[in-house]
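Open your viewer and keep the selection tool ready. We will go from one stop to the next.

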Amino acid sequence: MGKNYEHVTYHDRLRIEVLYRAGHSIREIAVLTEFSYPTIWREINVRGVYIHRNSDWTEENALVNT
């Protein structure tokens with residue numbers, strides 16, 4: 001039998017964002033959310049980050065909540 005995989009839901013992404021902004025490492029977030037390290041890494045570094053430009057034209061990385 002294979003493993004049972006679950007999709008990352010909107011609620012999970014919000015939780016990942018809160019933990020990421022609080023300064024937790026990807027490994028800590030993986031343990032707290034019970035997702036694998038590669039799943040959390042992919043959500044933060046591939047799917048969920050964009051460059052946000054502020055009104056004063058400074059830029060910062062932000063997570064997408066989709």
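Select Asp-12 and Thr-9: their side chains are joined by a polar contact of 3.0 Å. A polar contact is a pair of N or O atoms within 3.5 Å; within protein, one must be able to donate a hydrogen and the other to accept it, and residues adjacent in sequence count only if both atoms are side-chain atoms. This is a predicted model, where local features need pLDDT of at least 70 and side-chain atom pairs count only at pLDDT 80 or more, while totals for chains, interfaces and linings use all residues. Residues are numbered from 1 along each chain as its sequence is written, and side-chain values use heavy atoms, leaving out hydrogens and water.

Stay on Asp-12. It lies in helix 1, residues 10-21. Helices are DSSP runs (H or I, at least four residues), as are strands (E, at least two), numbered from the N terminus.

Is Asp-12 buried or exposed? Asp-12 is buried, yet has no salt bridge. Buried means under 20% relative accessible area, exposed over 50%, partly exposed in between (1.4 Å probe, protein chains only). A salt bridge needs a side-chain nitrogen of Lys or Arg within 4 Å of a carboxyl oxygen of Asp or Glu. For Asp-12, the nearest side chain of opposite charge is Arg-15, 5.8 Å away. Lys and Arg count as positive, Asp and Glu as negative; His and the chain ends are not counted.

Asp-12 touches both, not counting residues up to four places away in sequence. Contact means heavy atoms within 4.5 Å.

Next, select Val-46. It sits in helix 3, residues 37-47. Val-46 is exposed, at 52% relative accessible area.

Finally, zoom out. The protein has three helices and two strands, in the order α-α-α-β-β from the N terminus. Of its 66 residues, 26% count as buried.
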